[in-house]
Structures are given as C-alpha cells and as structure tokens.
Amino acid sequence: MAEQFDLVVVGGGPGGYVAAIRGAQLKMKVALVERENLGGICLNWGCIPTKALLRASEINHLLHSLDAYGFAADNIRYDFAKVIKRSRGVAGQLSAGVKHLMKKNKVTVFDGHAKLAGPGKLAVAKDGKPVAELQAKNIILATGARARVLPGIEPDGQRIWTYREAMVPPAMPKSLIVIGSGAIGSEFASFYLNMGAEVTLIEALDRVLPVEDAEISAFVHKSFTKQGMKVLTGAKVQGVRKEGDGVVATVEANGKVQDIAAERLISAVGIVGNVEDLGLEGTKVKVERTHVVTDPFGFTGEPGVYAIGDLTGPPWLAHKASHEGVICVEAIAGLHPHPMDVSNIPGCTYCRPQVASVGLTEAKAKEAGHEVKVGRFPFIGNGKAIAMGEPEGMVKTVFDAKTGELLGAHMAGPEVTEMIQGYTIARTLESTETELMHTVFPHPTVSEAMHEAVLDAYGRVIHI
C-alpha cells in the first residue's frame, strides 16, 4: 500500500527542505525524498563549503599583508588538508542541522530517488531497489541542477575538475585554468589565487561576471589583474589536452591563438537541470533547455505537480529557491502569496573583491526605456573602509529620473554581500530616492557608501 501524504517534496536542497518545513507549519502531512545529502548541492557542495574555503583564502591574504597593519610574522604557512577538512566539517554540521529540522517539523524523510508513477503517485528507489510508494495530492519537484559539461572538456576528476573536485583536491595545485567567470568560476579563481596558485581565468564573453553592471565587471577585472591573475575575455577555448601531469588549453583571444599550460583546470560554464528519470514522460510538464517551465507559483501544468529552485528558471540561486518553496506551498494551501519578483532577488559573488547587486544594470535600465540618474561612490571616500585597510571598492545606484524609483544597485568591495540587503529591502518596499536620502546611516560604517551613492545620483554627494 502506498503511504499517504498531503505533500511530497522531491529533493532536499534549500528549495526542497524549506518547502517541506513550510508545509509542516501549515499542518500538512509532509514527506521529503532525498537521494544524496540533506541540504542539497548548496549546503554540501556549493554555497556553504565554498565560503569556508574562501574565508581561509582571505585569512591567507591577510597574513601576507600584516606589514600594512604594523605586524610581522615569519614562516607563514598553511596545511591545505586542514583547510579542506574544515570546509567539509562546516558542510557536515549544517547537513546534520537540516536533518534535525526535518525531525523537529515531523517531516518524514525517505532516502532514495523518486519518480512520478501516475497521478499523485511517486515510486522511491535506492540503488535499483524499491524503497517506498508514496501518494500525495501535491508533489513539488526540487531536484536542482548539475554542472554543464562542454564537449572536449569532460571532467575526469583528476586534472579536469567541476566544482566538486575543486572543493576537495588532494593537494594544492601550483597552477590552474578556470573556464567561465560567472560566480562559481570567479570564486574558485579567487580562492586558488589567494592560496598561492598561478591562475588564468578565461571568459567567452567580453567581460568577467557578465551578468553584472559593466562598471562593476571592469572594476573586478582590474582588481583580479592587480592581484596577479591572468584574465582573458572574449576568449574561445578551442580544445583541451592532457600533457604530462597537467593540461594544456588552446585558446583564441584578441585574434591570437595560444596554448596555456597548468596543473589543473576547472570547468565552470553553467548548469543543466536534473530533469532525467523523474517520470515526466506522458505528463503536461514542459521542459525547455533542461529546465522545467512553471507559472509564478511553481505550477507545472500537470495537476498536483509543482517545481521550484534550480530545476526551473533563472536566477539559479539558493535564496531564490527557498523563497519559491515558501510561495509554492502557500499557494497550494490557498493563502494567495505574492508571486516572485525576480528583479528583487539579490545576487552575490564571494570572490575578492566581493560583488553584490539587485535590480537592473544601467544598460538594462536604458534598454527598458528608462531615463536614468546614476550615482557612484568609491570606498576611498569612506572612513571605515580606509580604517579597515580596504579602500578599494565602489557602490553604484541607478534611479528612474522621472519617478525616483531605485531601479538597481551594484557594489564591489569588502563585505558588500552583507550590505546589498539594504537596497533589496528598499526595492521591495518600492522606496524612492527620498526615503533613501532621509535614512540615517550609522558612522563609521562601510554602508555609508550606499547613502553617498544615492546622494551622488542627485548631485548631493558629500564626501567625494
């Protein structure tokens, strides 16, 4: 007999487990099916462990910059195995925390792979053996995504890596090629550079972090180069071959073809949705470019079947998945939640310098027909940033010239990933320049640069 539930969630990542908890809060009988680790890619192989690694690289950078703060130390070194072990420990701790949350909220967890097996039915199996048959009026697919593989650059787990191998290498490589300068590529390039590797970052488009505002991309490119990273934009990888104990990438850039040799290569060229073997055949679920198509509340078109997170459309971010999970469950419960506004979802990249943004870039705002007012403020004019020894950074704001609406905000510099939420709240509340100008920012803080960037858009900047 199939076990009966009000809601079954397939996938225990930041979208799935949050959806399960919200369902339990709304008095639903909930089951969650996870085939690998609770917390999904984000917690186990993405957001969290990479931040632990990046923290280590920041400390290594700081230790080699002690003279600027009046300190001296000899024989500074690190144990790379311990750096990796700490990262895995952080991920393990939080995965155990999700397990506790499932128990606390009385969510039944099944270890296995689930696939649709008819209207309102799921078959769960592990290693080819049946685990359970589940039945529910509502099913949420939250199976996430995986790294895209380019032909000719297939990861082998040894010399050509995806993000997984890059997080648990047996030894620190002396040289590294990173293909793709999105958030994942830029973060790994930054980590390995700050740990002492020679890094070449290759981007097919005309600038690094291509989804960011062009000025922010240029700022990061300049900073990466200043730190010693070799950055190639508008570059096409013609092929990768293994040679000796390393790899050689043949790259065409600026009309020239060159071979770049390194010990290891990371391919970070996007993701594909995990749509395979979910039993979607014969249903009304529509898949476009490996991602499931949904309405604003996660409904797929197949009665009782919903989808959220990286399995669906962009932006592919953990916090977007979590909020989608809440919205989806509340819609199922008839609570009439507000639909997701993707323009109010902040994006964060934790390289050095950090990058954070929300809303439209200046170019996108103009393309959308807005007459804009743009404000900028460099961290060199911010007392706290100078006192911290981190004067390299900037904040940029984009306003509608007619209405004063904050169209977008873009930052690069220390801890901007913590500050972007201020602008995100402003956009969610539909604030104009007036509210932002009349907001009192504490002194001395780096966040004062946010205020100054607003003032600058209207010719009222104070400290530059």
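Q: Before we look at any side chains, what does "buried" mean here?
A: Buried means under 20% relative accessible area, and exposed means over 50%. Keep in mind that this is a predicted model. With that cut-off, both phenylalanine 5 and phenylalanine 110 are buried.

Q: How many aromatic pairs are there, and how do I read one?
A: A pair of aromatic rings is described by how far apart the centres are and by the angle of the planes. Here the count comes to six aromatic pairs. Take phenylalanine 5 and phenylalanine 110: they sit edge-to-face, 6.1 Å centre to centre, with 90° between the planes. Phenylalanine 5 belongs to strand S1 (residues 3-10) and phenylalanine 110 to strand S3 (residues 108-111), so this pair ties together parts that are 105 residues apart in sequence.

Q: Which pair is tilted?
A: Tryptophan 161 and tyrosine 192 form a tilted one, at 6.2 Å centre to centre and 40° between the planes. Since tryptophan 161 is in strand S8 (residues 160-161) and tyrosine 192 in helix H6 (residues 183-194), the pair links parts 31 residues apart in sequence. Trp161 and Tyr192 also form one aromatic cluster with Phe191.

Q: Is tryptophan 161 buried or exposed?
A: Its relative accessible area is 2%, so tryptophan 161 is buried. Tyrosine 192 counts as buried too, at 0% relative accessibility.

Q: And where does glycine 228 sit?
A: Look in the loop between helix H7 (214-227) and strand S11 (230-232). Glycine 228 is exposed, because its relative accessible area is 52%.

Q: Now a sheet: what is the order of the strands in the open sheet of five?
A: The order reads S20-S21-S24-S23-S22, with antiparallel pairing. Strand S20 (347-349) and strand S22 (372-378) are the edges, each pairing on one side only. On average, neighbouring strands of this sheet are turned by 10° against each other, direction ignored.

Q: How many bridges join S21 to S24?
A: Five bridges connect strand S21 (residues 355-359) with strand S24 (residues 406-412), and the two run antiparallel.

Q: What lies across S22, S23 and S24?
A: That's helix H13 (residues 448-457), which runs at about 140° to S22.

Q: Stepping back, how many helices and strands does the protein have?
A: The secondary structure comes to 13 helices and 24 strands. The radius of gyration is 24 Å, close to the 23 Å from the globule rule for 464 residues, so the protein is as compact as a globular protein of that length. Buried residues make up 50% of the 464.

How values were computed
Residues numbered from 1 in each chain as written. Predicted model: local features only at pLDDT ≥ 70, side-chain atom pairs only at ≥ 80, totals over all residues. Heavy atoms only, no water. Pairing = 2+ DSSP bridges. Helix = DSSP H or I, 4+ residues; strand = E, 2+ residues; numbered from the N terminus. Axes fitted to C-alpha atoms, helices over the stretch in contact; angles between N-to-C directions. Contact = heavy atoms within 4.5 Å. Rg over C-alpha atoms; globule rule 2.2 N^0.38 Å. Buried < 20%, exposed > 50% of the residue type's maximum accessible area, 1.4 Å probe, protein only. Phe/Tyr/Trp six-rings, centres within 6.5 Å; stacked < 30°, edge-to-face > 60°.
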